[in-house]
Amino acid sequence: DKGMVMVAGFGVPPLAHEDDAVRGLLCAIALKNMVSSGRFFSNISSSRSDDSSCMNEVQCSVGVTTGDVFCGSVGNVHRSEFAMVGAVVNLSARLMSAGLSKDALKKFGVVCDEETAKAARHAIKLVQQ
């Protein structure tokens, strides 16, 4: 029901930078542009012999947030995975869902929280909604 979901973290210690909010937004914009233009799926489309016109219908919405999260192994001895857990991860998912409306997708496709906007507005032109 969600399609493809990707979670990415910028600034995970010891690789933090002062401009991680800018880096995260630039990555989100590049990802959105690649998916929207079809370049993200070009290898899949060209390697398939059947009709791959469904790739033209792919929609992409990205939620970007800034804040503290737990990054590490979640689970038990039998099954565990690396995860990022925290309120800003949940907020990012909600922003992504809000960006899936037809009007929002046409205008933006990348939605960020106020903290990310404050940290990145010096480097990226942002539109407030």
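Reading the fold and its core

Analyst: Please keep in mind that this is a predicted model. One may begin with burial: buried residues account for 26% of the 129 residues in the protein.

User: How many helices and strands does the protein have, and how do the elements run from the N terminus on?

Analyst: The protein contains 5 helices and 4 strands. Read from the N terminus, the order of elements is α-α-β-β-β-α-α-β-α.

User: Which residues form the largest nonpolar core?

Analyst: A nonpolar core is a set of buried nonpolar residues joined through side-chain atoms within 4.5 Å. In the protein, the largest such core has 11 residues: Val22, Leu25, Ala28, Leu31, Val35, Cys60, Val62, Val64, Val110, Ala120 and Ile124. At least two residues of this core come from each of helix 1 (20–37) and strand 1 (62–64). Helix 1 contributes the most, with 5 residues.

User: Which residues does Ile124 touch, leaving aside those up to four places away in sequence?

Analyst: Ile124 touches Val22, Leu25, Leu26 and Ile29.

User: What share of contacts between residues at least 6 apart in sequence joins residues at least 24 apart?

Analyst: The share of such contacts in the protein is 57%.

User: Are Cys71 and Cys112 buried, exposed or partly exposed?

Analyst: Buried means under 20% relative accessible area, and exposed means over 50%. Cys71 has a relative accessibility of 27%, so Cys71 counts as partly exposed. Cys112 is also partly exposed, because its relative accessible area is 23%.

User: How many disulfides are counted?

Analyst: A disulfide requires a pair of cysteine sulfur atoms within 2.5 Å. By this rule, the count is 0 disulfides.

Conventions. Residues are numbered from 1 along each chain as its sequence is written. This is a predicted model: local features need pLDDT of at least 70, side-chain atom pairs count only at pLDDT 80 or more; totals for chains, interfaces and linings use all residues. Side-chain values use heavy atoms; hydrogens and water are left out. Buried means under 20% relative accessible area, exposed over 50%, partly exposed in between (1.4 Å probe, protein chains only). Contact means heavy atoms within 4.5 Å.
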